[in-house]
Amino acid sequence: MSNIAELNPTPLWKHFAKLCEIPRPSKHEDRVVEYIVDFCKERGLDVQLDQVGNIIIKKPATPGMEDRKILAMQSHVDMVPQKNADSDHDFLTDPIRPQIDGEWVTATGTTLGADNGIGVAAILALLESTDIPHPALEALLTIDEEAGMTGAKNLQPGYFDADLLLNLDTEDEGELYVGCAGGVDVNATLPYSAATVPTGHKPFKLSVRGLRGGHSGLDIDKGRGNANKIANRIIDAASREITALRIAALDGGSLRNAIPRESFSTITVPTDAEAKLREIVAAESAVIAREFDNEAKLDIALDAANAPASVMDKASQRKVIQALRACPSGVERMSTALEGIADTSNNLARVVTEEVDGQHQVRIQCLVRSLSDSARDQHGLNVAAAFELAGAETSLDNAYPGWTPNMQSPLLALMKDVYKEVTGAEPEVKVIHAGLECGLLAKPYPNWDMVSFGPTIRRAHSPEERVHIESVGKFWDYFLKVVQAIPAKA
């Protein structure tokens with residue numbers, strides 16, 4: 001990791017390299033929180049944890065900047081734990097292994113954690129500095145952003161005095177974000193009756209791999225394949241021609257906020273139907289590959305499998321297949337007010353068979369996003385209805401609000417001016433179809449004038465996540481210029 005730490009700007013990259021050494025998947029941030037608290041105490045910074053474990057840090061203004069407005073900065077310390085199927089990486093114990101790949105930094109078979117580790121590293125670098133002029137600073141480093149926004153949801157008033165907040169959690173250098181989508185988790189549990197494996201059946205493993213995946217908000221409008229949908233489509237096609245086909249197990253996707261890249265299904269068919277099954281899988285795979293011509297690495301395979309203990313009975317199986325077909329997946333509608341922005345979407349994120357207390361069930365997890373809270377809730381009910389009609393129990397949980405744009409924001413005006421001064425170009429002002437914490441932070445701190453920005457990150461939430469090295473330098477320089485341009489108090 002030493003070569004990563006030596007990249008420019010070194011104050012930022014050395015902190016990102018250190019973060020890569022510390023396991024920090026969502027809901028397991030204890031070690032990184034402890035590290036940051038110790039970091040602050042060693043440098044005489046005012047640091048505390050709130051009741052859920054968010055880190056709150058304060059640093060006085062440098063001489064000559066005492067008259068400036070207080071500036072708050074915010075990022076989240078957790079990362080999405082995604083890895084390739086052939087990786088033995090343990091996110092609870094193993095460090096991320098970053099590597100330089102041309103103009104980019106990426107990881108080895110896993111997510112990199114640039115989302116939002118670069119933002120955290122920038123804040124730590126500024127807090128550590130002794131030669132960078134700045135106003136009084138307040139930092140909020142939240143926990144569990146990726147798996148439920150627990151930190152932002154539970155932030156209480158009274159900790160901060162700032163009126164301005166920089167969120168360092170977007171992924172295109174040169175873009176300023178002033179609004180975002182809200183979201184809600186849709187969970188379904190569909191019971192099924194298990195039956196013994198029919199005599200004379202042969203088991204197979206259907207694998208869907210190599211899809212691009214990506215962020216279920218930022219990438220949902222890019223027409224990428226969903227491994228759960230593709231696997232179900234192939235199984236449905238085969239079951240229509242081989243009526244004796246039985247599903248034994250489903251295991252697709254992993255995280256609710258990542259477009260599923262892989263799915264693994266165990267099915268059985270009569271031994272004399274093997275040739276027919278292979279023919280159907282090959283034919284469907286060819287059609288799917290043509291439809292998803294942006295998925296160059298799509299790999300659909302049918303291999304021999306170990307004999308399962310049981311299979312779904314025919315009636316249950318049909319309900320499961322039809323429910324997964326009926327579930328909306330992808331963009332539901334585009335915004336009519338913001339050109340090129342998805343308004344409402346759903347990610348069919350996780351499909352897995354399991355046995356709980358002797359009962360067999362299919363567990364489904366989806367994440368609905370929308371720029372409108374009402375549309376979010378309505379589409380969540382639409383998704384739930386697809387499973388309820390099949391007999392599933394459903395719930396809508398962890399709803400969080402969107403962030404309403406304020407195009408007259410004084411902070412936005414300042415940041416546009418600074419960007420033009422630094423680069424000679426106008427920044428793009430955007431609303432993002434993803435969940436930023438700003439919408440939640442506005443509840444306890446309605447006075448906060450907020451803008452979000454960051455370096456260029458691609459394929460976040462997938463093992464192909466990478467961050468553009470040059471953009472990190474531009475992001476850092478711009479960040480410092482904004483910090484130093486904060487105006488005097490009224």
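The model is predicted, so local features need pLDDT of at least 70 and side-chain atom pairs count only at pLDDT 80 or more, while totals for chains, interfaces and linings use all residues. Residues are numbered from 1 along each chain as its sequence is written, and side-chain values use heavy atoms, with hydrogens and water left out.

Starting with the inside, the largest nonpolar core holds 69 residues. A nonpolar core here is a set of buried Ala, Val, Leu, Ile, Met, Phe, Trp, Tyr and Cys residues joined through side-chain atoms within 4.5 Å; buried means under 20% relative accessible area, exposed over 50%, and partly exposed in between, using a 1.4 Å probe and protein chains only. Trp 13, Ile 36, Ile 57, Met 415 and Phe 479 touch the most other members. Helix 4, residues 114–128, gives the most to this core, with ten residues. (Helices, H or I of at least four residues, and strands, E of at least two, are DSSP runs numbered from the N terminus.) Apart from this core lies another, of 48 residues, with Val 186, Ile 230, Leu 250 and Leu 348 among them. As for Ile 36, leaving aside residues up to four places away in sequence, its contacts (heavy atoms within 4.5 Å) are Ile 55, Ile 57, Val 77, Val 120, Leu 124 and Leu 141.

Two helix pairs are worth a look. The axes of helix 10 (residues 410–423) and helix 12 (residues 469–484) come within 10 Å and cross at roughly 130°. That angle makes helix 10 oblique to helix 12. Axes are lines fitted to C-alpha atoms, for helices over the stretch in contact, with angles running from 0 to 180 degrees between N-to-C directions; under 35 degrees counts as roughly parallel, over 145 as roughly antiparallel, 65 to 115 as roughly perpendicular, and the rest as oblique. On the helix 10 side the contact is made by Leu 414, Met 415, Lys 416, Val 418, Tyr 419 and Val 422, and on the helix 12 side by Tyr 478, Lys 481 and Val 482. In the other pair, helix 6 (residues 227–241) and helix 8 (residues 314–326) cross at roughly 135°, their axes coming within 10 Å, and these helices are therefore oblique to each other as well. Residues making the contact include Ile 235 and Asp 236 of helix 6 and Ile 321 and Gln 322 of helix 8.

Some loop residues also stand out. Lys 69, in the loop between strand 2 (55–59) and strand 3 (71–76), is partly exposed at 32% relative accessibility. Lys 69 and Ala 136 are 67 residues apart in sequence but 7.4 Å apart in space, C-alpha to C-alpha. Other residues touched by Lys 69 include Pro 135, Leu 164 and Ile 486. Ser 129, in the loop between helix 4 and strand 6 (137–142), is buried at 13%.

Finally, the backbone. Most residues other than glycine have a negative phi, and most peptide bonds are trans. The bond from Asn 8 to Pro 9 is cis, with omega near 5°, and so is the one from Asp 115 to Asn 116, again with omega near 5°; Asn 116 lies in helix 4. Met 149 has a positive phi, near 55°, and is buried at 2% relative accessibility. Phi of Asn 398 is also positive, near 55°; this residue sits in strand 19 (residues 393–400) and is partly exposed, at 38%.
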